[in-house]
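This report concerns the domains and strand pairing of one protein model. Please examine the sequence and the structure before reading on.

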Amino acid sequence: MEKSRYEKIRVELFRKDWVECPTCKFLFNLKDTSQWSGLIHKRCGQRLEIVGHKSEMTFISCLVANIATDDSSRFKKGTKVYLYPPLWGDGYQSIKVIGKDRETNKFIEMIVSEKKLSNFKLAKVTKPDIISRFSNYWNNNPDSVEAMYKMADEMNKRTALRSSENSMNK
Ligand SMILES: [Zn+2]
């Protein structure tokens, strides 16, 4: 059975920064953004998980937000959460996030409604555990960073629109 291109394939570094794509057999450099998106080998579209490469990142660019309501069972209002990119096709309404649990103070992953978040922005995160969780989802390529700024803007516009609608309904 053929593996889907959308399924991640684990691959070892060929040598520092070099990987041979198991799908198209092409050897490419991980710093070459025309080849590598941080997630996908652009030449063939294969998703790859690069073993041993994560630790070389000193930071990762990702979206963050704050918990805006106090009705979440696990997160206190104001908690900073680190957002996964859209993982399913709902227009980023339900968002998988990482944040500190209100009781244990340990990082947990939860799916949170966009409506419970505010203050979306781009952050450069240096926490190694966040980097390793996000290394297959976000990357620091200029194109991606540009896209993240746009996403943050878009999400803040939605929040603003919702709060103006709410105040009109009162
Ligand atoms: Zn390939």
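The sections below treat the basis of the model, its domains and its sheets.

## Basis of the model

The model is predicted; local features require pLDDT of at least 70, side-chain atom pairs count only at pLDDT 80 or more, and totals for chains, interfaces and linings use all residues. Residues are numbered from 1 along each chain as its sequence is written.

## Domains

The domain assignment divides the protein into domain 1 (9–56) and domain 2 (60–165); such bounds come from an automatic or database domain assignment. Between the C-alpha centres of domain 1 and domain 2 the distance is 26 Å.

Across the boundary, six residues of domain 1 are in contact with eight residues of domain 2, contact meaning that the C-beta atoms of two residues, placed from the backbone, lie within 7 Å. The side of domain 1 that touches domain 2 comprises one nonpolar, three polar and two charged residues. In this classification Ala, Val, Leu, Ile, Met, Phe, Trp, Tyr, Cys and Pro are nonpolar, Asp, Glu, Lys and Arg are charged, and the others, Gly among them, are polar.

Strands are DSSP runs (E, at least two residues), numbered from the N terminus, and two of them pair if DSSP finds at least two bridges between them.

β1 runs parallel to β5 (residues 46–51), to which four bridges join it. Ile 9 has Leu 48 in β5 as its bridge partner.

## The five-stranded sheet

A further open sheet contains five strands, ordered β9-β8-β7-β6-β10, with antiparallel pairing. Its edges are β9 (107–113) and β10 (117–125), each with a single partner strand, so one side of each lacks a neighbour in the sheet. On average, neighbouring strands of this sheet are turned by 40° against each other, direction ignored; the axes are lines fitted to C-alpha atoms, and angles run from 0 to 180 degrees between N-to-C directions.

Strand β6 (residues 60–67) pairs with β10 in the antiparallel sense over seven bridges. Ser 61 stands opposite Lys 124 in β10, and Val 64 stands opposite Lys 121 in β10. β6 is also antiparallel to β7 (residues 80–83), with four bridges, and here Val 64 faces Tyr 82 in β7.

Of the eight residues of β6, six are buried, that is, 20 or more other C-beta atoms, placed from the backbone, lie within 10 Å of the residue's own.

Terms used. A residue is buried if 20 or more other C-beta atoms lie within 10 Å of its own, exposed if 12 or fewer, and partly exposed in between; C-beta atoms are placed from the backbone.
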